[in-house]
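Let's take a friendly walk through this model. Have the sequence and the coordinates open as you read.

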Amino acid sequence: MRLYSLLPLLAVGLFGSGCSAQDTRALPRPPSVDVPRFMGDWYVIAHIPSWPEREAYDAVESYALRP
């Protein structure tokens with residue numbers, strides 16, 4: 001019975017997610033980012049809720065610069 005409980009862990013270890021630190025398909029970085037432009041409220045229009053937020057709606061994320 002204990003072996004069956006370890007099978008999912010073994011499968012993830014063997015097959016993994018296909019990601020690696022040596023991924024050569026990385027997106028190029030922009031030369032600069034206007035960070036203050038992104039501060040303020042952002043309304044979430046789509047998400048995949050996790051268990052604690054399954055009943056959530058009208059989500060707003062707020063961002064502010066810190067000193």
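## Confidence and layout

pLDDT is the predictor's confidence in each residue, on a scale from 0 to 100. Helices (H or I, at least four residues) and strands (E, at least two) are DSSP runs, numbered from the N terminus. This is a predicted model, in which local features need pLDDT of at least 70, side-chain atom pairs count only at pLDDT 80 or more, and totals for chains, interfaces and linings use all residues. Residues are numbered from 1 along each chain as its sequence is written, and side-chain values use heavy atoms, leaving out hydrogens and water.

The protein contains 1 helix and 2 strands, arranged along the sequence as α-β-β. Its average pLDDT is 79, and 66% of the residues score at least 70. Among the elements, helix H1 (residues 2-15) has the lowest mean pLDDT, 62, while E1 has the highest, 95.

## Surface and burial

Of the 67 residues, 0% count as buried (under 20% relative accessible area; exposed is over 50%, partly exposed in between, with a 1.4 Å probe and protein chains only). The accessible surface, from the Shrake-Rupley method with a 1.4 Å probe and, for residues, only the protein chains shown as cover, comes to about 7300 Å², of which 61% belongs to carbon and sulfur atoms.

Trp42 sits in strand E1 (residues 40-43) and is partly exposed, at a relative accessible area of 42%.

Tyr57 is found in the loop between E1 and strand E2 (60-63). With 68% relative accessibility, Tyr57 counts as exposed. Its C-alpha atom is separated by 9.1 Å from that of Val44, 13 residues apart along the chain.
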